[in-house]
Amino acid sequence: MRFALLLGAALLVWLCAGNVFHVEFANTYKGKCSTKQKQDACPYASRYPTKYMDGGLWWAEAQPEDGEKFTVQVIRDGRVYVVYDGAYQSVVVIGDTGATVIDAPSELEDDLFDGVREAIRMAGRNQAFPINRFIYSHHHMDHVGGAQQLLSSVNNPNIEIVASAGTNQYLTNDDGTQRHTNRPLATRVISSSTTLDANSAVPIKIDFAGPAHSIGGILVDLPQQQVLIGVDMLNPGVAPFKRLVLSPDVRAYIGLHDTLMSRLTPGYIWLGGHGRPGTQDDVVVSKEYLMDLQRFAGEGAGHWGARFAEIAADIPNNAIARSREFFARAADYCQERIVPLWAGRLDSVDVWAYDNCSTMVEYLALD
């Protein structure tokens, strides 16, 4: 729990860059702290910055205030909601016959059920309206570690639990049993692009994102509502998390930007699991950052490759240490250039600059 809180705080809860979204602020619900929780662990808003750039209306309104655990925001026409604790998003999709919940962050686990029921109420459905599906965006605990808690609260023995084959593999022991007590196994495993509720007013299209952030990560597209969800892949207004969002495949991560630019046509909203919603413009900015990062990492590798004799003189008789020093100096070269260029355009550029430069140098040198 503590790890997830620190990760969320470090990751993505900072300033936002501005696009104005269709969001009905009048119906915002703000959940209070539960009495069972210690007050020093409750007021999320006191832990996060509250300054916002012009136009960041959704982000500013969505921040929980002192004493509040979460807010519930409507994103699209009473069909798509976000339960938000100041760091993490859980998406609630109101279908024709039931609600679908995408992700259950660990930090929301005690209160997510209340947030989902509030989204259902805000959509004008009565409290008998069922929660009949849960979707894993990927397997990482900070985003789905509250799944078992949510499903226990829902208490629907027929609820459908959806995961990609890659995600479900991470949730499963070698003998086929459940690996994590807080993340139940899927009841429906997706191995190819699939549309759920295809003939309804809210079809849910599931596609594979490739190994951009995790093995088994998916894109969830709501084409009728023009909302695309891809958790931890791109967080608008914020530099990529360390090691280029922990990507197991940097080429796939860079390539995902081209996919998103083609999918996020004008009018589409992007939900990335943290912070504010985004648009195609945010993808363009992120891709530009990656191209600058790649340029400086390449220059750094070339600069210190040509001066490798200096490294050898500094570190004689230890080839492994010389290799490590080469990568470190190339990353330093990159960091010294990417930070001043991007400071003010993306938040947390300086926080993750060395990690991201180092990862890009390694990718260029070894891929």
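Me: Of the contacts in the protein chain with a separation of 6 or more, what share comes from residues 24 or more positions apart?

Reply: Before the number, a word on the ground rules: this is a predicted model, where local features need pLDDT of at least 70, side-chain atom pairs count only at pLDDT 80 or more, and totals for chains, interfaces and linings use all residues. Residues are numbered from 1 along each chain as its sequence is written, and side-chain values use heavy atoms, with hydrogens and water left out. A contact here means heavy atoms within 4.5 Å. Counted that way, the share from residues 24 or more positions apart is 68%.

Me: How many helices and strands does the protein chain have?

Reply: Both are DSSP runs numbered from the N terminus, with helices (H or I) needing at least four residues and strands (E) at least two. By that count the protein chain has twelve helices and 13 strands.

Me: And what percentage of the residues in the protein chain is buried?

Reply: Buried means under 20% relative accessible area, exposed means over 50%, and partly exposed is in between (1.4 Å probe, protein chains only). The protein chain has 367 residues, and the buried part of them comes to 56%.

Me: Is serine 152 buried, partly exposed or exposed?

Reply: Serine 152 sits in helix H5, which covers residues 147-154. Its C-alpha atom is 9.5 Å from that of phenylalanine 113, which is 39 residues away along the chain. Its relative accessibility is 46%, so serine 152 is partly exposed.

Me: What is the phi of asparagine 317, roughly?

Reply: You'll find asparagine 317 in the loop between helix H10 (308-314) and H11. It has a relative accessible area of 78%, so it is exposed. Although it is not a glycine, its phi is positive, at about 65°.

Me: What kind of aromatic pair do tyrosine 289 and tryptophan 342 form?

Reply: Rings of Phe, Tyr and Trp (its six-membered ring) pair if their centres lie within 6.5 Å; planes under 30 degrees apart are stacked, over 60 edge-to-face, and the rest tilted. The whole structure has five such pairs. For tyrosine 289 and tryptophan 342, the centres are 5.5 Å apart and the planes make 90°, which is edge-to-face.

Me: How far apart in sequence are the parts which that pair ties together?

Reply: Tyrosine 289 is buried, at 0% relative accessible area, and tryptophan 342 is buried too, at 0% relative accessibility. Tyrosine 289 belongs to helix H9 (residues 280-306) and tryptophan 342 to helix H11 (residues 319-342), so the parts tied together are apart by 53 residues.

Me: Which residue lies over the face of tryptophan 342?

Reply: A charge sits over a ring if NZ of Lys or CZ of Arg is within 6 Å of the ring centre and within 35 degrees of the ring normal. One example is arginine 125, over the face of phenylalanine 129 at 5.4 Å from the ring centre. For tryptophan 342, at 4.1 Å from the ring centre, the residue is arginine 345.

Me: Is the disulfide of cysteine 334 and cysteine 357 left-handed or right-handed?

Reply: A disulfide is a pair of cysteine sulfur atoms within 2.5 Å, and here cysteine 334 and cysteine 357 have theirs 2.1 Å apart. The two lie 23 residues apart, cysteine 334 in helix H11 and cysteine 357 in helix H12. Both are buried. The torsion about the S-S bond is about -65°, so the disulfide is left-handed.
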